[in-house]
Amino acid sequence: MELENRLAGLLTATGGGGEVASVDVSLVAALAEALAVDLAELAATVRTLVEVHAGPTAAAGIHGVEWRVDLLPMTARAVVSDALIITFLRQFGIEKLSVAALSAAVNPLFFVDRVEVGTTLSALHCTASNTEPSTDEQTEVIELLEQAGLHRSRGGEITLRPAGSARTIQLVCRAPMSPDRVKVFVSYAHDDETHKVTVGILAELLVHNGIDVDLDLWAGPARRDWGSWAIGCIENADFVLIVASPRYRHVGDGLVATSDNRGVQSEAALIRDLLHRDRAVWTAKLLPVVLPGRSIDEIPLFLQPYCGGHYLIPAVTQAGIDELLRTITAQPGHVRPPLGEVPVLSPYSTVAGEVTAQPPLPATVRPGLPLVSVEDLDPFELDVHRAISLDVGSDVLPALPRYVKRPHDRKVLEKVRQAIAGTSGMAILVGDSSTGKTRACFEAVKQLPAGWSVWHPISPTPPQALLDGLAEVPPRTVVWLDELQQYLLTSDPSLGEEMAARLRALLRDRRKAPVLVLGTIWPERMRTITSVDPAADLGSCTQAGQLVKGIQIAVPSRFDQAELAALGEAAQSDPRLRQALHTQSREITQYLAGAPAMVERYQVAPAAAHAVIDVAADVRRLGYAGDIPRSFLERAAPGYLSDTEWLATGEDWLHEALEFGLAPCRGAAGLLVRRRPKPGHASAGEPGYRPADYIARWVGGRRSFDVPPVAFWDGACAHLDADALMVLAGAAAARGRTRHATLLYEQAGQLGSFTAYAHAGRLYRESGNARLAEISFRGGAEAGDAAAQIEVARCCDDRGDTDEAERWLALAAEQGDYVAFEMLAQHAESAGDNVRAEHFLREAVTAAGVYRGRPLRQLARLRADAGDAEEAQELRAAAAKGVQTFVRRPLHDIQQRSGGAAELERSLRQKIAEAEDSGSRPSSHDLELLSEICETNGEYDEAERLADQAARAGYPVVYGGLVAARGNRGEVRQAEALALRAANAGDAESLWMIAEACPENSRWQQIRHYGLEPDGTPSTAWW
């Protein structure tokens, strides 16, 4: 953190005059460690850069053991930025790079904006300059980086691991972007030379009017992958001009052979897919253009030439493009006047000449988002925790204690400053419950000037509110996404993906700028968003994963000594802060939010209240963050009570339990929070309850290995909505509770969540019942779910019914499912029709997006079989691009690379201890490695303890290695016990592994077919 802060000061330096900034040996030594390079080598680079920027005299001061050189702030900034870039490029493999070649004093190619230094990762965040390469060396550097996926015009990132180092180095580059420039891509067919010339003249005219245009004619003579080039241009464009022509109409309507006009066929296919994926966004971005001498009949039908808008250009002149230019630059020619007041009109007289009495007109209700100006914000409406109250003097204290800024606040404030300057941005604060994430966001938003508003999408449900309102977000709006998992980790993953995609589009939409998106989330929920999907060819490249990349801000659980000192000054005027300072854990924010009082109250709760709180905490622990209806609590809670406890409850047990849970804890929040709709928001029916964040976290950690009783699952089936059922069904399946998972999925399907049928069908299939699996699949397929349609097709394939399989695959393909296109290609290839197979694979590549690696490899194989080695090689190269799935190296390999087994163990224990001391959660990867080391060393209890720690942090897969190791040693009972513990924590894979290894064991085969009951006993036959 000290290095980050010092670099932040140097990399943002703008002072002049008599100000100086120092670069010294301690800074270079810290950088050498962070970048995993030799100190002497880095010092030599810095010396050369100082000489380039400040002259030989200044460089002469860099010698000896304790050297320091004072430079002008801007010079120090350039030296540090250049040193970071050059060091990375040398590690990347450009060994003979001249220091002067990339010096900002000659011709800058990159500027480093900030540096993040973690225990295992150092990230350099930089911006590409607008200047072109001026030397052969610079041109070579740019070409090598582009081959690795980093384009200066579009940005990107490169990740590498220096040889012999456990540290990963990452260069994250954003493209140079001028906030007043609009980016346009021109998609057209090469009908004839005259048409190409006219399109070029139109593009030139737009450029002269300040529009940044991408046109294939200007892409340069270098050989390139035109498909990848077009995809990048279209995805990064603010608008796409579709130039009407006879050839484009035929291509767009699918009336040409697959071998004709391949380039524009690929563009049109991608555009159709984007339009189908989000019609609201892409209808506004796709602008059909009709050039002189052309007709609107030449616009492809999918762009609705007659009922959709289009742009007739009578002449390619300034006057001729006026309407198009006004649309692109958001400058309408006709502006609606301000809305006046509604007049009060007297009613008409009756036939008899008398005035009929009328009731007063209701107040006008204006449509739009429920925005709140920053001057009128209520912190508690934004879910900031209330602070504890004291026995005396609380009535004169402010509602919130005085705020003490910490390092993460500076990062959030930087986002606020960028927003004030006109640049949209997003920040996500990641930390445990009650660590001050929401308060930090609130304090940052208070710095915004008048004219800014906050939108908190929560009704009717948070995800639906966000989905419905994103298109209406005006400039100078803060989108408040407290509990970010509610919006991105939805029961239907496609809904969360759609919201992530729309948020990304909002942040890139210059017409909406500036917009600031602020979110908060717990670490394990963030790990779920960013985790790598082993089934995917390109790893974690989901829309949600891309959205959160590089914008996470860690919020430590504990205050360090400097922060405690600052808190001591603030505590002089607030007795709540003075009391919080006495806590030994340094968990100040948790204390102020009433956390200790909550725990004390929970521990003395009556049995019924204890049960109700456990039910609510279990719902949250299993992944559902929405409101919990009273009827469900009434049905589930008795299952948490013993017979004696239940008999002791009175008739009003639920009312009393809820009253106990809702009562404030020393003035702060109670153990439960009742959610009531705000005025103007629709009510969801019966009251909804949620556990307080901290108590949900605390109770959840202690119940990590407890599976809720039967009453919980039965109550869920009877009283929860489809969204909650989908989440809880997934949690039941992950714990090997197959019977209850299937029932929950089937009930969710009955309530309208048709994707549930595919999940239920897969559970039936894995249990060995193909008949019930197909029945479930058909239920979802007939409702229009593409995943279920594909599963039905697989069932048809299994029994040889190819025609019906292709009928279902065609329906799934119409929805843009790339797996359906892949399977259609397999059918075509099996029938000997490789031309159709190639056609379907090209459609699959377009539909697959970041997961296009597999269809690209299949297409490369077909092209190689057809004798086109050149295109096959291009396709393989395209498949290899992108973020790759990382597979962990074997333990012995990691030990060798880390200096030996003892050094690796020492390093892991140190990192875990440092994380725990700072109040952060240790890395699950570190816990897994150390657990495996302890198991190998015979320290079995310690291995289990570390596995338990990882499981409580949401990573129960760590048990898999222990189960395998003990099974291999013949310790069957220990392996079975650990497999059950892993399943209870949320990873049943070890159960299925043992069942597969014991085909003759009737008990394990019963578990494989029917799963476990909540109490851990094998389920009896239920299907």
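# A tour of the predicted model

Start with the largest nonpolar core, which has 58 residues; Val612, Phe632 and Phe712 have the most contacts inside it. A nonpolar core is a set of buried Ala, Val, Leu, Ile, Met, Phe, Trp, Tyr and Cys residues joined through side-chain atoms within 4.5 Å. Buried means under 20% relative accessible area, exposed over 50%, and partly exposed in between, with a 1.4 Å probe and protein chains only. Select helix H24 (residues 607-621) next: with 9 residues, H24 gives the most to this core. Helices (H or I, at least four residues) and strands (E, at least two) are DSSP runs, numbered from the N terminus.

This is a predicted model, in which local features need pLDDT of at least 70 and side-chain atom pairs count only at pLDDT 80 or more, while totals for chains, interfaces and linings use all residues. Residues are numbered from 1 along each chain as its sequence is written, and side-chain values use heavy atoms, with hydrogens and water left out.

Now select Phe712. Leaving aside residues up to four places away in sequence, Phe712 touches Val615, Asp618, Val619, Leu622, Phe632, Ala636, Tyr640 and Leu728; contact means heavy atoms within 4.5 Å. Another core, of 49 residues, lies apart from the largest one, and includes Leu42, Val69, Ala76 and Val141.

**The open sheet**

Show strands E12 to E17. They make an open sheet of 6 strands in the order E12-E14-E15-E16-E13-E17, with mixed pairing; two strands pair if DSSP finds at least two bridges between them. Strand E12 (371-373) and strand E17 (552-554) stand at the edges with a single partner strand each, so one side of each has no neighbour in the sheet. From one strand to the next, the twist averages 25 degrees.

Zoom in on strand E14 (residues 453-455) and strand E15 (residues 477-481), which run parallel and are joined by 3 bridges. Ser453 has Thr477 in E15 as its bridge partner.

**Strand E10**

Is strand E10 (residues 286-290) enclosed or open? 5 of its 5 residues are buried, so E10 is largely enclosed by the rest of the structure. Leu286, Pro288 and Val290 cover one side, and Leu287 and Val289 the other; all are buried.

Strand E9 (residues 239-243) runs parallel to E10, with 4 bridges between them, and Val240 stands opposite Leu286. E10 is also joined to strand E11 (residues 311-312) by 2 bridges, again parallel. There, Val290 has Leu312 as its bridge partner.

**Helix H45**

Move to helix H45 (residues 972-985), with 14 residues. Its buried residues are Ala975, Leu978, Ala979, Ala982, Ala983, Asn984 and Ala985. These pack against helix H30 (722-734), helix H43 (940-952), helix H44 (959-968) and helix H46 (989-997).

**The whole chain**

Zoom out to finish. The chain has 47 helices and 20 strands, and 49% of its 1023 residues count as buried. Of the contacts with a separation of 6 or more, 66% are between residues 24 or more positions apart.

Terms used. Expected span 1.5 Å × (residues − 1). Axes fitted to C-alpha atoms, helices over the stretch in contact; angles between N-to-C directions.
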